[in-house]
Amino acid sequence: MINNDNDIILGFWKDIPKSCKILAPMADVTDVAFREMIVKYSRMGENGGGPHVLYTEFVAADGLFSDDGRTKLISLLQYNPKHRPIVAQIFSSDPKKMEYAAGLCRSLGFDGVDINMGCPERNVTKQGAGAAMIQTPERAKEIILAAKRGAVDIPVSVKTRIGWTKNEIETWIPEILSCNVAAIILHGRTRKEMSKVPAHWGIIARAGEIVRESGKETKFIGNGDILSLEQADAYGEKYKVDGVMVGRGIFGKPWFFDSQKKEVSVKEKLEIMLEHTRTFLKLLPNKNFQIMKKHYKAYISGFDGARELRGKCMEANSYEDIKKYVYDFLKKDN
Ligand SMILES: Cc1cc2nc3c(=O)[nH]c(=O)nc-3n(C[C@H](O)[C@H](O)[C@H](O)COP(=O)(O)O)c2cc1C
């Protein structure tokens, strides 16, 4: 079967379990190194945990389209087969480039392609991509159909927001559905709201009704402010979604999806942080080390002495520095 305008290729989405939990795409966070940590320290779907699906961070299809750009960006599309099912997230407002990039993701072996129609950042929306797509539904549909052509036989999904400045789901969700996508992932805020207000789960629930009323097989995933597996299960049930996507809740907690893990000692946490740093340096040698600082902020919090250690690590410029600060801290502590 290939992706025709009228067909829905569900691919792996067909088999996602009830109350499925998905790792959100996050630029400079859910890179291959952090995903390695997540699959190692979470239980990959056992015991109701997860994650049942992983996403890459978003990648510019326009960049992938040129030889130079592809050389620079290809490291963002690294994955380990252990990350399956793994979805590549791409964005563009140019159908030709979208089709090409979706084809590239398929040839790299991804299980699915997701189109970013939710990014609020100006450098993306001014190109007409990301959340700007909500304002140009005709163009958005061209982009989805182009991605489906490029993806050939792997599923195409759309991750988006509830509107640009106001709730537009009554018109926006049917526009996406008309392209017969495998899944819609809805972040419960408008572009204008960025991440500044609580996610509107009531609106997410209504969007889910629109999907069900359409009679299509499209899966519907809610996203916004989920901070624990228990909350993911409760929201999945209450707001009647096929799954829940988790973003910021996993910062500094690669074990987030492990339903068995209750307590993580400070020592264990800091050792995982060091392992994460080594993995980052090994797999992403060309990325800026400063990217790890976002993770350090999250790992080093909530325990005695965290503030001082965090301050030192935020100033560090190498793995050796970080290791020294951590071991000095652990020696002092024990
Ligand atoms: C640092 C950061 C980077 C993000 N990058 C992306 C991205 O590349 N693609 C995307 O669709 N959403 C991106 N998002 C949005 C998240 O995927 C998610 O929709 C949002 O954070 C709301 O979910 P949460 O409340 O669980 O964090 C990003 C969010 C953060 C905090």
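The model is a predicted one, so local features need pLDDT of at least 70 and side-chain atom pairs count only at pLDDT 80 or more, while totals for chains, interfaces and linings use all residues. Numbering starts from 1 along each chain as its sequence is written.

The backbone at Ser19 has a phi near 55°, a positive value in a residue other than glycine. Most residues other than glycine have a negative phi, and most peptide bonds are trans. Ser19 counts as partly exposed because it has 19 C-beta neighbours inside 10 Å; the cut-offs are 20 or more other C-beta atoms within 10 Å for buried, 12 or fewer for exposed, and in between for partly exposed, with C-beta atoms placed from the backbone. Lys240 also carries a positive phi, near 50°, and belongs to the loop between helix 9 (229–238) and strand 8 (243–246). With 14 other C-beta atoms within 10 Å, Lys240 is partly exposed.

Another backbone feature turns up at Arg84 and Pro85, which are joined by a cis peptide bond with omega at about -5°. Pro85 is part of the loop that links helix 3 (67–73) to strand 3 (86–91).

Strand 3 leads on to the sheet. Together with helix 4 (residues 95–107) and strand 4, strand 3 makes a right-handed β-α-β unit, meaning that, with the strands pointing away from the viewer, the path from the first strand over the helix to the second runs clockwise. Strands 3 and 4 run parallel and are joined by four bridges; pairing calls for at least two DSSP bridges between two strands. Val87 has Gly112 of strand 4 as its bridge partner. Strand 4 also pairs with strand 5 (residues 156–163), again in the parallel sense, over five bridges, and here Val113 is partnered by Val156.

As for burial, six of the six residues of strand 4 (residues 112–117) are buried. Both faces are covered, with Gly112, Asp114 and Asn116 on one side and Val113, Ile115 and Met117 on the other.

Around the ligand there are 22 residues, of which Ala24, Met26, Phe58, Gly247 and Arg248 come nearest; a residue is near if its C-beta atom, placed from the backbone, lies within 6 Å. The shell divides into nine nonpolar, nine polar and four charged residues, taking Ala, Val, Leu, Ile, Met, Phe, Trp, Tyr, Cys and Pro as nonpolar, Asp, Glu, Lys and Arg as charged, and the others, Gly among them, as polar.

Note on methods:
Helices (H or I, at least four residues) and strands (E, at least two) are DSSP runs, numbered from the N terminus.
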